[in-house]
Amino acid sequence: AYATAVKTITGTEVRNKQGLRVIDVADILFVQSGFVGSRKLEACKDKEPDLDAKKVVTIFHNNVNTTDFLVDDEADREAVLRAIQTIREAYDASKIRVGNEELLLRYSWYDTDWSKSGLVNQSEFLQLLGRVNIYLKQERAIQMFKACIAANHTKGRRLGAVKHHRKGLTFDECLQLLRKIQLDENKGVNMSDVIFNELFGGEKDSVTAEDFLTKFIIQKQNEKETTLDDVKKVFSHLNAMDFSGTAEHIGEDGSGCEESIDRHRFGAYLISRMNDLHDPETKKYDQFSLTSPLTHYWINSSHNTYLTGDQLKSVSSTEMYVVAMHRGCKCLELDVWDDSDGHPIVYHGYTLTSKIPFQDIITCVKGYVDANPETLPIILSLENHCSHPFQEMMAEILNDTLRERLYIPESLEELPSPLDLVGKVVIKGKRPPDDEDDLTVVGSMEDGTPDRDDDAKSEPGKKEDLPKIVPELARLTLFNGVKFKNFDTSMDLPLHDMHSFSEPKVKAILKSDLASVSEWREYNMNHMSRTYPGGHRIDSSNYNPVLAWHVGCQLVALNFQTEDSNMTINDGRFRENGGCGYVHKPPSVLQNFNGGRKLSLQIKILSGSALPKPYGESVGEVIDPYVVIRLHDVGKRGSAIKRTTSSQDDWIEPQERKTSSVRDNGFGPQWRNAEWLSFEVTNADVAMLEFLVMDNDHGFIDDLMCKSAVPVSSLRQGYRSVQFYDQISQQHGPFGFAKILLEVGINCV
């Protein structure tokens, strides 16, 4: 692959180093090949209609930037793809064997040591301080740099290893100096040391496996099922890790020592994924949980998937489908219309949004499924405005492009399970009864009703008569959208019939009392429901999904292009079950239990590690971080819980708390003397806890730096870490290192 010359089509913003364009392996989100699936490629395709998509390789990186290039020879193309995959696998395997600060410095090092000398000089060191979010007056920084150089030179001469005076710091020397600066700035206080002293005693420098199990894991963390053998495996991993400036604990066979760990490795454990606030067991892929009918699951779903921005005049792009699928979305929406060029197209009807060919989207879906053959079913939600000839073309495109990947229902007596449909694409649309003689079906293809006030997809002032679905398309359709009247009538519908509800319709149905919750849950035991944002959300903002999950709706569709709080909640929910896009509904929702589990939460933010600048930028002011925590829950109307905003629906009652800010420190901020933040949970099975790390801009609008969300049902008590994500809930580059250490108390009410 190194010897293969490739033609770069896009990616001019990629960092240039000595004539080469460079993408850090930590910044790569995913790679695709063989089809046009990026906005840049779509623009190139307009200018170069002869572009052969089969020769294209696209790297998605850094907040969904793309670099696209051509590799003419198929063997060379496969070699390039294998090389990228090999590099990524090697990086993923290596990064779990080094510390968090080491990862951050490595990521920043190659942008700082431009000469590749293996050393950073004085000016590079000053730049590096700002890059990793450490503030130090320049005079003091230079003084400490020179003192470190002198000390290392003296040590080297004493050992006979230095023949001349060098002017820079090595990687290990630099990291040790950063740690010293950090400890000095925190007045000698490190929260992991405070915890270690509290648990095991200040006079000790290490802890045995037995004490770690009894005093920490069982008594503090409440992990009563953990065994001594489990702890020894953790110790072996921690002691095999490479930490700069600490002694190795490696046995003769190369494995880590199992009997004890030192303070530094205890601190590394505290912020590791092993100690995640979000229970790792619930994030594991559970194949055995995927054998129930599709109605038993919350399914990751998007609304108007094609749009990159607002609902009136933004660009439509196949890239949005690619990104949504890689984020775990399993229900994609397509609004399909006739086009003057004789092919079906997708756009937001009667608006100024741009148009993309239906064929291009289906090609992207096929490319994704072929590259990920074990994916759980992808549902295409078709809002079909096409005339009969164009519908026939749609059916032909689906058949010819998807081929064996297209699920064609043979029986409508029962719904399949997600596991039955691995690697398949399922169609949701209209499937009229065979004996239906009317030439038209009047009403929305999205919500099954003639009321279009909640969705701006019909021409203003005109009632749209939607065409009857041709048999060629109808036979491909599993889920048939029908008009909602009431739940008593809906209970008797065939299992493949389903309803779509706009956001205002959801609120209207639940306006009465708790009985409507029970009725809706009962309907959702055997039938599908889809909810979507109201038509007033022209800006593509989102509604809170927790309420729809609460009543058992499976397809709670959100605008994936808008990175607001509600998308953060959605991403947090669907990190469960391996991020496969299907999460089994809890018994309280599925079996329609009255009420929900009530909890009292207490949270204390203790410290942070390797927090990034806003948007992961490498330059800018050193940040002043603070943490915002929001509980998104569903409570009874009229609850005494105070709402943070008057615009929230009566059912949704978010509670918000935040910490003070720490000045000029993102490398290792400490919240000394932090207060407990309390939350009252009404329905633990559906509630979500959202974490935002903000930069206090002192008089300006505060910037979001990173975010995360955790289902309350998956929280773990004790000293825990929160793993953070970027604006699209990915962990590329600096976001893969961002952590917060906190203490959590959980009590049943």
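**View 1. Contacts of serine 565 in a predicted model.** Leaving aside neighbours within four places in sequence, serine 565 is in contact (heavy atoms within 4.5 Å) with Arg630, His632 and Glu690. This is a predicted model: local features need pLDDT of at least 70, side-chain atom pairs count only at pLDDT 80 or more, and totals for chains, interfaces and linings use all residues. Residues are numbered from 1 along each chain as its sequence is written, and side-chain values use heavy atoms, with hydrogens and water left out. Serine 565 lies in helix α20, residues 565-573. Helices (H or I, at least four residues) and strands (E, at least two) are DSSP runs, numbered from the N terminus. Serine 565 is buried, at 18% relative accessible area; buried means under 20%, exposed over 50%, partly exposed in between (1.4 Å probe, protein chains only).

**View 2. The buried side of helix α7.** In α7 (residues 191-200), the buried residues are Met191, Ser192, Ile195, Phe196, Leu199 and Phe200. They share one side of α7, because their arc around the axis is only 140°; the arc is that of the directions from the helix axis to the C-beta atoms. Their packing partners include α8 (209-218), β22 (599-609) and β29 (739-748). Glycine 201 follows α7, with a positive phi near 105°.

**View 3. An open sheet of four strands.** The order is β25-β22-β29-β28, with antiparallel pairing. Two strands pair if DSSP finds at least two bridges between them. β25 (677-681) and β28 stand at the edges with a single partner strand each, so one side of each lacks a neighbour in the sheet.

**View 4. The pairing of β28 and β29.** These strands pair in the antiparallel sense over six bridges. Glycine 718 has valine 744 in β29 as its bridge partner.
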